[in-house]
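User: I would like to learn how to read strands, ring pairs and chain contacts in a model. Could we take them one at a time?

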Amino acid sequence: MSQEELLVLIYKKDERAFTHLYDMYSKSLFSVINVLIKNREEAEDVLQEVFVKIWKNIDSYNEGKGRFYTWILNIARNTSIDKLRSKNFNNSQKNLSSDNFVHLLDDSNKLTNKIDTIGIQEFVKKLKPKCIEIIDLLFFKGYTQQEASEELAIPLGTIKTQNRNCINDLRNYLKI
Amino acid sequence: METQEYIDSGILELYVYGLLTETENLEVAEMAKKHPVIEQEILSIEKAIVALSSSFSPFHSVANFEKIKEKLELKHGKVVEMKPASNWSQYVGWAAAVLMLLGLGYQTLELTKTREVIATVGNEKNKIQRDFAYLDQQNKETEKSLTIVRDIKNTGVTLGGQAVSPTSFAKVYWNKDTKTTYIDAKGLPEPPKGMVYQVWALKLSPVLTPTSIGLLSNFESNDQKIFAVSQTDSAEAFGITLEPAGGSLTPTMEQLYTLGKV
């Protein structure tokens, strides 16, 4: 199902649309939430909160301003960060950067799909360490190019193109 | 190529990540609308990053999904509840259509009525025009009659009723200069069918000599009952008799209606 087809169903507030929405994006958003929030139970609470927000605020989504996926990704990131702030984490910024998304694999026996996991472990071995860092900061943690450039000590002007090269590696591997 | 440069810049990845400013977002969305290649590239990037992130998702329980649905009150046949709403709107649609048809019918009826009124008014106007023309004609004839009666040069002769019809009378207006003669026959009854009044100029001496000076033809249709007849210069009296249609050579004295001396 494409974004457009899904949106038609969502606008009708059809229960089936919610099931599709959840099937298509809950895993992606849950991994983002888990990178930001280390506690599994709290992450599940945030995931609930995120889907409630998506469903209730669907009318404020504007197709002219970006992808639907980008919109819900931002909701997931912002809700997670709000949660961290409310918990009064003094050193949240350090917390965010200490672990990257690959650490989610350490908990491999709890991953959703073991076949996928084996495939992704293979991939992670091939992916350049720099790419893991860049994708982790830009995509999972929502860092600006400026912040990522400072964190990784790479020139600001090359962040965009380096990220693109990493995504191209990923696409070649996934044949997308 | 311009679009390829745009794609290679890496801005589309940041667009999907949600890291661009509002202005940059609008610009990319605009470019994607214009160039299908860019649109396709965005879809591929999104697919790749959704696949990557989904692969790293830790296990989360089905119970969580149910909890969300409960919070959104999606569990108990929300779909069924919505059906009456859609039916309702359907009825509204039909009702609107019926109302519109009724409205159209009413409008057509009103239009027909209006057209009838216009036709009636048109007919009345025509009738009034005809009446006016008739009255105008009448007026002209009356004026003509008055001119004759008022003409100072005319000699008026009153003809009194005779044995056959004592209540009858007539008047003769006789202009000795122009030798024109008019008969005012208003005081005569309508002649029976097939009969006509004939006017005679009479000489009394040495012998009574009648000379026909004309017929009062088309008596009924002459509203003014003023008739022009032939000239005469030596009449001493005038008489009007009722004669068979076409007139007679000599007057039928038994049918003498009016008679008067000059």
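This is a predicted model: local features need pLDDT of at least 70, side-chain atom pairs count only at pLDDT 80 or more; totals for chains, interfaces and linings use all residues.

User: In which sense do β1(B) and β2(B) pair, and over how many bridges?

Analyst: For two strands, look at the direction of each and at the residues that stand opposite one another. Here strand β1 (residues 154-161) and strand β2 (residues 170-175) of chain B are antiparallel, with six bridges between them. As an example, Asn154(B) is opposite Asn175(B) of β2(B).

User: Over how many bridges does β1(B) pair with β8(B)?

Analyst: Two bridges join β1(B) to strand β8 (residues 256-261) of chain B, and the sense is antiparallel. There, Gly161(B) faces Thr258(B) in β8(B).

User: Now the rings. How many aromatic pairs are there over all chains?

Analyst: The count is 17 aromatic pairs over all chains. To read one, take the distance between ring centres and the angle between ring planes. For Tyr61(A) and Trp71(A), the centres are 5.5 Å apart and the planes are at 45°, a tilted pair.

User: Why does this pair tie together parts that are ten residues apart in sequence?

Analyst: Tyr61(A) is in the loop between α3 (40-56) and α4 (68-86) of chain A, while Trp71(A) is in helix α4 itself, so the pair links parts ten residues apart in sequence.

User: Are Tyr61(A) and Trp71(A) buried or exposed?

Analyst: Both Tyr61(A) and Trp71(A) are buried. For another geometry, take Phe139(A) and Phe140(A): this pair is edge-to-face, 4.9 Å centre to centre with 85° between the planes. Phe139(A) and Phe140(A) are buried as well.

User: Which residues do ring pairs link into a cluster?

Analyst: The cluster consists of Phe18(A), Tyr22(A), Phe51(A), Trp55(A) and Phe65(B), linked by ring pairs.

User: That list names both chains. How do I read the contact between them?

Analyst: The size of an interface is often given as the accessible area lost when the parts come together. Chain A and chain B bury about 5,000 Å² between them, with 64% of it on carbon and sulfur atoms. In chain A, the residues that lose the most area to chain B are Gln48(A), Arg67(A) and Arg164(A), together 14% of what that side buries. Chain A gives 59 residues to the contact and chain B gives 49 residues.

User: How many salt bridges are there between chain A and chain B?

Analyst: There are six salt bridges between chain A and chain B. One of them joins Glu22(B) to Lys65(A), whose closest N and O atoms are 3.2 Å apart.

Key. Residues are numbered from 1 along each chain as its sequence is written. Chains are lettered from A and ligands numbered from 1 in the order in which they are written. Side-chain values use heavy atoms; hydrogens and water are left out. Two strands pair if DSSP finds at least two bridges between them. Helices (H or I, at least four residues) and strands (E, at least two) are DSSP runs, numbered from the N terminus. Rings of Phe, Tyr and Trp (its six-membered ring) pair if their centres lie within 6.5 Å; planes under 30 degrees apart count as stacked, over 60 as edge-to-face and the rest as tilted. Buried means under 20% relative accessible area, exposed over 50%, partly exposed in between (1.4 Å probe, protein chains only). Contact means heavy atoms within 4.5 Å. Buried area is the accessible area (1.4 Å probe) that two parts lose on being put together, summed over both. A salt bridge is a side-chain nitrogen of Lys or Arg within 4 Å of a carboxyl oxygen of Asp or Glu.
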